[in-house]
Amino acid sequence: MKWVLKSIKLLVAITVIAFGLSFIVKAQIGQSALTGFVSNIGLIGGWTQGTLLLFLNLLFIAGQWVLLRDRFKLVHVFQIGLTFAYSPIVDYFIYSLPLGRLDAGAFYGCRILVLLIGVAIMAFGVGLMMTLNFVMMPYEGFCFVLAEKLNKPFGSMRRYTDYLFMIGSVVLMLAFSLPNTTLREGTVLFAVLMGTFNNFMISKLKASAWPTWLTS
């Protein structure tokens, strides 16, 4: 029963993350390394961002299984359910919900504001997820396992993989003459502010009833 309640709370967390992501996407001044890469592939093939995140996250889970083998546990399997739940929520907020289709407008200041709102909402959702101490997102889970395998700090491994996705975005934009809306100043703002916002949200949520509410 405790796992069911934690799963419901996890669903709340990823819904908040997806909602924040929709603001960042619509600001069109840069995204995270991973979602920016996914957006560029979507522009080439006409796929939705949620669909591409689904397949990419399944690859991250498969990568964890290859690296862990006998140490691949039920908590890792839960990432599969998390992935199938997260992807359609992302598509809903970006393509269907009116607020998810928020137009940042022609004013640059408005775009910055929309991006900052998105980062704050997303950081809150990540804080909700992290303080549950339950299941990681597949990308973070893969980076964590890879860092453990290579005996590297998690932060460094996450940064290196982000660099690879950034390079991938540059290659795609040059090869297919794509407009650069994914790897811009918003990417830098996201990288700088996300950690700060996360630390603030996590510290507040740890002191709240959220981690143990309904599951203690």
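**View 1. Gln 79, a buried residue of helix H4.** With a relative accessibility of 3%, Gln 79 counts as buried in this predicted model, because the cut-off for that class is under 20% relative accessible area. Gln 79 belongs to helix H4. When residues up to four places away in sequence are left aside, the contacts of Gln 79 are Ile 61, Gln 64, Val 135, Met 136, Met 137, Pro 138 and Gly 141.

**View 2. A nonpolar surface patch to which helix H4 contributes.**

**View 3. The course of helix H8.** Helix H8 runs over residues 185-206, a total of 22 residues, and the distance from its first C-alpha to its last is 31 Å, close to the 32 Å expected at 1.5 Å a residue.

**View 4. The buried residues of helix H8 and the helices they pack against.** In H8 the buried residues are Gly 186, Thr 187, Phe 190, Met 194, Asn 198, Met 201, Ile 202 and Leu 205. An α-helix has 3.6 residues a turn, so residues three or four places apart point the same way. The partners against which the buried residues of H8 pack are helix H1 (2-27), helix H5 (108-130) and helix H7 (154-176).

Definitions and conventions
Residues are numbered from 1 along each chain as its sequence is written. This is a predicted model: local features need pLDDT of at least 70, side-chain atom pairs count only at pLDDT 80 or more; totals for chains, interfaces and linings use all residues. Side-chain values use heavy atoms; hydrogens and water are left out. Helices (H or I, at least four residues) and strands (E, at least two) are DSSP runs, numbered from the N terminus. The expected span of a helix is 1.5 Å times one less than its number of residues. Buried means under 20% relative accessible area, exposed over 50%, partly exposed in between (1.4 Å probe, protein chains only). Contact means heavy atoms within 4.5 Å.
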